[in-house]
Amino acid sequence: MKLDSKAMRHLTADDWRVLQAVEQGSKNHELVPTPLIEKIARLRGGAGSTRKSISALAKVGLIARVKEAKYDGYRLTYGGLDYLALHTYASRKHIYSVGTRIGVGKESDIMIVADDTGAQKVLKIHRLGRISFRTVKSNRDYLRKRQGGSWMYLSRLAAEKEFAFMKALRDEGFLVPEPISQSRHTILMDLIDAFPLRQISQVPDPAALYAELIAVILRLAKHGLIHGDFNEFNILLKEEREQQQAAAAAASSKGKDAESAASSSAADQESSAKVTVTPIIIDFPQMVSMDHVNAEMYFDRDVACIKRFFERRFHFVATEPGPFFKDAKKTVGKDGATRLDATVAASGFTKKMLKDLEAAIREQQEGRGEGGEDETARSDGDEDGYDEPYGSDDGEEQEEGEDEAEDNMSGPRQAEVDQEAL
Ligand code: ADP
Ligand code: MG
């Protein structure tokens, strides 16, 4: 679903109150009855004003009326939830305008936004429950069983969990984006001016980068964590070129004739333009503890992902086998390493919440015919397969793109981006 913030400016204060009322009502009601919306919103204009706002909101798709319902009721759409989150960020002065979508991930939309100084940031909108309609038959029973609003609940959990981990990792000195703010099913973070490893065809030293990434896996393990989706889409590679002027200057002052001095200096300059690459890790909603029942499987899968990618892309094969889970397990909490799995668990995530989320992420992955790997469409051209989180079965979700399409996704970062003020 594409976030289109255009209608935001046309919403009145009453409309916002009614939208918030529908959100609040959906905590206990799958369909929020009109009288309840009225009661929560308490508009000065009473029932008439509430109705007017309801129809304004329904017209722009922020709430939806469910026709076959026994009673007159509305539910919030993803669009409505997006607007509420944006509204919150605007009131916190964290977001002033919304730019383009840079990514459609497996379970999210990634938008470039800006604050009022024009500084660009990334808004990640979690969209769990965005299941493939191709598998709707097998999913229908599951959807029926779910209580209303579970997509909202699960997407919010994903955002909260991701924000908590990003913060914990950042505080511990891991190279991850800076988490700025969180609201509902979204998180706001630093824009990393880098491309996913997926889009990089060459690196100066594959062996060194491989070693660095394996070291990240081991360092996470030491802190009690497994990334769980450690692959080429979730590793951004910052490339920095350092010109070593000193070497060039030395070459030109060797007392040779002018011409050869000039050429040797140019050659030296070229060979001494050192490129350093720094991996920055993203995407944390699926992180698991080293104590998880399937920890070994997740750990091995992360390691295998990196190995396979380095083999295919850079023809690099590590000489050593491993690393192995049993060895990593022995390091958990060693040398005074803080257990970040415990830190996050202590910040209010119950086992049930983590289980719910894990099940939802797994089902979503299975629904897309994936074995848990991040190999789905990343095309920016996905103009929607869904508008309704748990929609009717008349919609066909957009086919997942092929490999080639994935690489169009993320353009250069700090580029000119049309921003739509809120
Ligand atoms: P998903 O969970 O849907 O896979 P990700 O968090 O992995 O979502 O983000 C999807 C893509 O968006 C990434 O592969 C990356 O290209 C881009 N992206 C995400 N966060 C950032 C960021 N902070 N800075 C720059 N690009 C980002
Ligand atoms: Mg990802």
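**Close-up views of a predicted model**

**View 1. Asp335, out in the open.** With a relative accessibility of 69%, Asp335 counts as exposed. This is a predicted model, so read every close-up here with that in mind. Asp335 sits in the loop between helix 11 and helix 12 (340-346). Its phi is near 50°, a positive value in a residue other than glycine.

**View 2. The whole chain, before zooming in further.** Of the chain's 422 residues, 50% count as buried. If you take the contacts with a separation of 6 or more, 75% of them come from residues 24 or more positions apart.

View 3. Which residues coordinate the magnesium ion (ligand 2)? They are Asn234, through OD1, and Asp283, through OD, at 2.1 to 2.2 Å. Asn234 comes from the loop between strand 10 (225-226) and strand 11 (235-242), while Asp283 comes from the loop between strand 12 (274-281) and strand 13 (288-289), so the pair ties together parts that are 49 residues apart in sequence. Asn234 is buried, at a relative accessible area of 3%. Asp283 counts as buried too, with 14% relative accessibility. The backbone of Asp283 is worth a look as well: phi is near 70°, which is positive in a residue other than glycine.

**View 4. The largest nonpolar core.** This core has 61 residues, and those with the most contacts inside it are Leu169, Leu197, Leu213, Phe299, Ile306 and Phe310. Helix 6 (residues 150-171) supplies the largest share, 10 residues. There is also a second, separate core of 35 residues, and Ala7, Ile37, Val113 and Leu188 are included in that one.

**View 5. Helix 7 and its buried face.** Helix 7 (residues 206-222) has 17 residues, which at 1.5 Å a residue should span 24 Å; the end C-alpha atoms are 24 Å apart, in agreement. Buried along this helix are Leu209, Tyr210, Leu213, Ile214, Val216, Ile217, Leu220 and Ala221. Looking down the axis of helix 7, you find the buried residues within an arc of 145°, so they line one face. The general rule is handy here: an α-helix has 3.6 residues a turn, so residues three or four places apart point the same way. The cover over the buried residues of helix 7 includes helix 6, strand 10, strand 11, strand 12, helix 10 (295-314) and helix 11 (325-331). After helix 7 comes Gly224, with a positive phi near 85°.

View 6. How many aromatic pairs does the structure hold? The count is 9. In one of them, Phe309 and Phe314 have ring centres 5.8 Å apart and planes at 90°, so this pair is edge-to-face. Phe309 and Phe314 are both buried. Phe310 and Phe316 have ring centres 6.3 Å apart and planes at 75°, so they are edge-to-face as well. Phe310 and Phe316 are also buried. Ring pairs join Tyr210, Phe309, Phe310, Phe314 and Phe316 into a cluster.

View 7. Gly322 and Pro323 are joined by a cis peptide bond, with omega about 5°. To find the spot, go to the loop between helix 10 and helix 11, where Pro323 is located.

**View 8. Helix 2, with a buried side and an exposed side.** Thr34, Ile37 and Ala41 are buried in helix 2 (residues 34-41). These three cover an arc of only 55° around the axis, which puts them on the same side of helix 2. Pro35 and Lys39 are exposed, on the other side of helix 2. What covers the buried residues of helix 2? The cover includes helix 1 (13-25), strand 1 (32-33), helix 3 (46-59) and strand 3 (73-76). Just past the end of helix 2, Arg42 has a positive phi of about 45°.

Definitions and conventions: Residues are numbered from 1 along each chain as its sequence is written. Chains are lettered from A and ligands numbered from 1 in the order in which they are written. This is a predicted model: local features need pLDDT of at least 70, side-chain atom pairs count only at pLDDT 80 or more; totals for chains, interfaces and linings use all residues. Side-chain values use heavy atoms; hydrogens and water are left out. A nonpolar core is a set of buried Ala, Val, Leu, Ile, Met, Phe, Trp, Tyr and Cys residues joined through side-chain atoms within 4.5 Å. Buried means under 20% relative accessible area, exposed over 50%, partly exposed in between (1.4 Å probe, protein chains only). Helices (H or I, at least four residues) and strands (E, at least two) are DSSP runs, numbered from the N terminus. Donors are N, O and S atoms within 2.8 Å of the metal (3.2 Å for Na, K and Ca); water is not among the atoms, so sites may look incomplete. The expected span of a helix is 1.5 Å times one less than its number of residues. The arc is that of the directions from the helix axis to the C-beta atoms. Contact means heavy atoms within 4.5 Å. Rings of Phe, Tyr and Trp (its six-membered ring) pair if their centres lie within 6.5 Å; planes under 30 degrees apart count as stacked, over 60 as edge-to-face and the rest as tilted.
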